[in-house]
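Q: I'm new to this one, and I'd like to learn how to read it. Can we take it a feature at a time?

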Amino acid sequence: MATEDSTHFGFESVAVSDKAKKVRGVFDAVADKYDLMNDLMSLGLHRMWKAYTVAVAQVREGDRVLDIAAGTGDLTRAFARRVGASGVVLHSDINEAMLRRGRDRLLDAGVLAPSLLADAQALPLPDASFDVVSVAFGLRNMTDKAKALTEMARVLKPGGRLLVLEFSKIAAPLAPAYDWYSFKVLPRLGQWVAGDGASYRYLAESIRMHPDQESLKAMMKTAGFGHVDVHDLAAGVVALHAGVRC
Ligand SMILES: C[S@@+](CC[C@H](N)C(=O)[O-])C[C@H]1O[C@@H](n2cnc3c(N)ncnc32)[C@H](O)[C@@H]1O
């Protein structure tokens, strides 16, 4: 159980001050094989979940977009095409290895997006400076999720939108099969493809510790999002929370 000085790292209880270092270790270890593993683990479904997020975001030409925990840059790339030359998409992450890999992929795709090494819990960005903020599969890894959501609200303009795409709580009848896949298959796949079973065991555990759909919605409301829509995807394996900054 987490106390004031401790928090969760998957099922493990760790000191608050140690969590970021442990999360960094995970993403340093998986950065090279991150995209391949995403396709294998989700059978390519993550591409559809991200496409759905981009559709809901309704980013317009000229918009200013911040992609937080952007990693290898899938959302950054899609948004950059929509904002055009008059807009900007900031590609941001706390992890240098992930950010570098994302920047290389963006350049290979002909996308010029500025990269920013930053912790979502303390964004070095001015208030009310973005039309849209996105965070895909990143919030789960943050030590203080409430603080991160408050920071996201702070940098959004009034009426701006936050898109949180994250693993969530699967429909109950499917839970046993999903547990078997998460704890028996996933770590083996990670070991086989990326030489790292432990990082993928952390992934499965961190999903179980993440707030469910309703809890995250309540957290977003507390952080300053007056209206929050929840879209369950794949029976709740993943949920998209779309909030409007009031
Ligand atoms: C699973 S990856 C998601 C990458 C990308 N958004 C995607 O959907 O493919 C999670 C990312 O969250 C980043 N991250 C973890 N904690 C963070 C924090 N406190 N601030 C910003 N990024 C963070 C990690 O470095 C990692 O790149």
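Predicted model: local features only at pLDDT ≥ 70, side-chain atom pairs only at ≥ 80, totals over all residues.

Q: With which side chain does the side chain of His231 make a polar contact?
A: A polar contact is a pair of N or O atoms within 3.5 Å; within protein, one must be able to donate a hydrogen and the other to accept it, and residues adjacent in sequence count only if both atoms are side-chain atoms. Here the partner is the side chain of Tyr52, at 2.7 Å.

Q: Where is the place of His231?
A: Helices (H or I, at least four residues) and strands (E, at least two) are DSSP runs, numbered from the N terminus. His231 sits in strand E8.

Q: What is the order of the strands in the open sheet?
A: Two strands pair if DSSP finds at least two bridges between them. The order is E5-E4-E3-E6-E7-E9-E8, making an open sheet of 7 strands with mixed pairing. At the edges are strand E5 (115-117) and strand E8 (225-233), each pairing on one side only.

Q: How many bridges join strand E6 to strand E7?
A: There are 6, between E6 (residues 130-136) and E7 (residues 156-167), and the two run parallel.

Q: In which sense do strands E1 and E2 pair?
A: E1 (residues 6-9) and E2 (residues 12-15) are antiparallel, with 4 bridges. Phe9 has Glu12 in E2 as its bridge partner. Their hairpin has 2 residues between the strands, and Gly10 takes a positive phi near 65° there.

Q: Now the ligand: which residues come nearest?
A: A residue is near a molecule or strand if one of its heavy atoms lies within 4 Å of it. Of the 21 residues around the ligand, Tyr34, Ala69, Asp93, Ala120 and Ala136 come nearest. Tyr34 has a polar side-chain atom 2.8 Å from an oxygen atom of the ligand. With a backbone N or O atom, Ala69 lies 2.8 Å from a ligand nitrogen atom.

Q: Which helices each supply at least two residues of the shell around the ligand?
A: Those are helix H1 (16-30) and helix H2 (34-42).

Note on methods
Residues numbered from 1 in each chain as written. Heavy atoms only, no water.
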